[in-house]
Amino acid sequence: MDIKLTSTVFQDGGMIPAKYTCDGASISPPLEWSGVPRTAKSLALICDDPDAPGRTWVHWVVFDLPASRMTLPENVPPQEAIAGGGKQGMTDFKKIGYGGPCPPPGKPHRYFFRLYALNSKLNLKPGATKADVEKAIEGHVLTKAELMGKYGR
């Protein structure tokens, strides 16, 4: 079974509302998922922008979410620990927690939210980077889901 990742505020391939960007409150959007394998021990989430100038820009790193969890609410506080379990990592804004889309003027950028179901906990420290999480999940991914939103200025 595949995981399905959705948001109540934008459709896959749709526009992310300004509220969730640097032009608004830059709060994290609500996310929901289903289809996590029963054998999963934890979940990890990475959000990035491959259209950023120069390199892929990391907007959110979350890991060690309980496998039983099915949502992340709107406006997850920018702190190391997530209420109900889980940790947040460092973004390319050099901050812990979600950093909203903030592209330069021009063509809209794509923002990929990827959720990974893992057969273990990562046990990384809060503040881990996308690279740390990607290295730690190698060989532990049971399945993954993707949700892509766009934003332009």
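In the predicted model, strand 2 (residues 31–34) and strand 5 run antiparallel and are joined by two bridges. Within this pairing, Leu31 has Leu72 of strand 5 as its bridge partner. The two strands belong to an open sheet of three strands, arranged in the order 1-2-5 with antiparallel pairing. The edges of this sheet are taken by strand 1 (4–6) and strand 5 (71–72). Each of these edge strands has a single partner strand, so one side of each has no neighbour in the sheet.

A further set of pairings involves strand 4. Strand 3 (residues 42–49) runs antiparallel to strand 4, and seven bridges join the two.

Aromatic contacts were examined next. A pair of aromatic rings is described by the distance of the centres and the angle of the planes. A search of the whole structure finds three aromatic pairs. One of them is formed by Trp57 and Phe93, with 5.5 Å from centre to centre and 75° between the planes, an edge-to-face arrangement. Trp57 lies in strand 4 (residues 57–66), whereas Phe93 lies in the loop between strand 6 (87–88) and strand 7 (109–118), so the pair ties together parts that are 36 residues apart in sequence. Trp57 has a relative accessibility of 26% and therefore counts as partly exposed. Phe93, at 31% relative accessibility, also counts as partly exposed.

Another of the pairs consists of Trp60 and Tyr98. The ring centres of Trp60 and Tyr98 are 5.3 Å apart and the planes stand at 75°, so this pair is edge-to-face. Trp60 lies in strand 4 and Tyr98 in the loop between strand 6 and strand 7, so this contact ties together parts that are 38 residues apart in sequence. Both Trp60 and Tyr98 are buried.

Conventions
Residues numbered from 1 in each chain as written. Predicted model: local features only at pLDDT ≥ 70, side-chain atom pairs only at ≥ 80, totals over all residues. Heavy atoms only, no water. Phe/Tyr/Trp six-rings, centres within 6.5 Å; stacked < 30°, edge-to-face > 60°. Helix = DSSP H or I, 4+ residues; strand = E, 2+ residues; numbered from the N terminus. Buried < 20%, exposed > 50% of the residue type's maximum accessible area, 1.4 Å probe, protein only. Pairing = 2+ DSSP bridges.
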